[in-house]
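Hi there,

Here's the structure I promised to pass on. Have a look at it first, and then read my notes below.

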Amino acid sequence: MSELNEAKLEELAGKVIGDVAGAISLLMAYIGDQSGVFAAIDKHGPVTIEQLAQHTGLNPKYLREWLGSVSAAGYVTYSPASETFDLSEEQALIFTREGQPACMQGFFQAVVAQYEEQEQAVETFKSGEGRPWSAQSPCCFCATDRFFRPGYEANLTSAWIPSLSGVEDRLKQGAKVADVGCGLGSSTIMMAQAFPDSTFHGIDFHEPSIAQARESAAAAGVTNVNFQTASAQDFAGEGYDFVCIFDALHDMGDPVGAARHIRQAMKDDGTFMLVEPMAGDSMADNMHPLGQIYYGFSTTICTPASVSQDVGLGLGAQAGQARLTEVLNEAGFTSVRRAAETPTNMVLEVTG
């Protein structure tokens with residue numbers, strides 16, 4: 001054993017204390033979201049505890065403790081002189097402005113969903129067996145959609161599709177599109193609204209998600225979209241001009257088989273847009289907070305989902321472009337180009 005370095009021990013202990021503080025703060029942030037407290041402060045602030053209790057109908061004793069925690073975390077601004085609490089514009093965007101790209105409540109909800117199912121997560125990790133997507137908490141499905149949807153709204157039709165060669169024009173003229181692994185259908189509905197002359201087919205193997213996608217499409221009044229329950233390896237239809245997968249290929253047990261079926265279902269001159277979590281090509285490239293987060297979710301969600309399916313390749317949420325290209329080449333695609341990127345996602349244009 002190496003000799004104990006007291007300075008390094010103190011530094012690591014301090015980091016862990018910060019991580020524990022962050023962990024409890026995420027739960028507090030989620031409570032504030034679900035109870036409407038952040039929204040009330042955003043609407044009425046600056047407010048005293050008593051005023052906030054009147055606006056929310058919540059117990060002021062609980063509000064005092066909650067406000068102490070989130071104010072110490074920097075999530076809410078406390079003014080000692082007036083004993084009031086308020087949200088800055090930046091705090092409001094992150095904690096309560098639903099639909100804004102900066103809003104992180106979907107992230108918080110995803111973390112809470114994993115703690116909710118922690119016993120299953122531990123057992124899956126110890127056993128090495130798979131855990132299907134359907135075995136996750138229903139909260140996880142909503143959280144996944146809630147986290148990714150603002151980024152899609154900010155980038156999908158305004159930046160990602162225009163970055164692809166000729167795809168935007170085809171969609172405007174009228175194209176046949178498959179959104180594979182569509183989940184609750186947010187990305188499918190967004191594209192259908194933006195390109196009314198095209199027809200969109202949302203595909204997912206999780207029937208409850210497809211049922212909710214159909215309800216969302218009906219509520220949005222979108223008629224150029226339909227949803228089917230099927231796997232990425234055997235979904236129906238052919239002659240697709242454009243196929244896309246959003247943050248889902250790495251969850252599939254047989255991503256090569258999925259990509260191969262997509263290639264067969266596309267027209268010869270069709271385009272496959274693959275959106276995956278941002279990652280470098282080696283673990284060393286991903287030693288940063290976002291990599292830490294993605295590896296964590298991959299441990300409890302992505303890899304278990306893949307291992308539970310046929311083949312069980314287990315790409316993981318930090319596969320990187322080089323590994324993804326190997327998968328796509330094995331499926332028969334000859335050209336893979338990074339067309340766009342954000343801090344959280346890479347967008348690959350796949351053809352040939």
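**Where helix 2 meets helix 4**

In this predicted model, Val-37, Phe-38 and Ile-41 of helix 2 touch Leu-63, Trp-66 and Leu-67 of helix 4 (contact means heavy atoms within 4.5 Å; helices are DSSP runs of H or I with at least four residues, numbered from the N terminus). Sorted by class, that contact has six nonpolar residues, no polar ones and no charged ones (nonpolar covers Ala, Val, Leu, Ile, Met, Phe, Trp, Tyr, Cys and Pro; charged covers Asp, Glu, Lys and Arg; the others, Gly among them, are polar). Helix 2 (residues 37-44) and helix 4 (residues 60-73) pack at about 80°, with axes 13 Å apart (axes are lines fitted to C-alpha atoms over the stretch in contact, and angles run from 0 to 180 degrees between N-to-C directions). So helix 2 is roughly perpendicular to helix 4, a label for angles of 65 to 115 degrees.

Now for helix 1. Its buried residues are Ser-25, Met-28, Ala-29, Tyr-30, Gly-32 and Asp-33 (buried means under 20% relative accessible area, with a 1.4 Å probe and protein chains only). Just after helix 1, Gly-36 takes a positive phi of about 80°.

And in helix 6 there's Gln-114, buried at a relative accessible area of 10%.

Local features need pLDDT of at least 70 and side-chain atom pairs count only at pLDDT 80 or more, while totals for chains, interfaces and linings use all residues.

Cheers

Methods: Residues numbered from 1 in each chain as written. Heavy atoms only, no water. Helix = DSSP H or I, 4+ residues; strand = E, 2+ residues; numbered from the N terminus. Parallel < 35°, antiparallel > 145°, perpendicular 65-115°, else oblique. Buried < 20%, exposed > 50% of the residue type's maximum accessible area, 1.4 Å probe, protein only.
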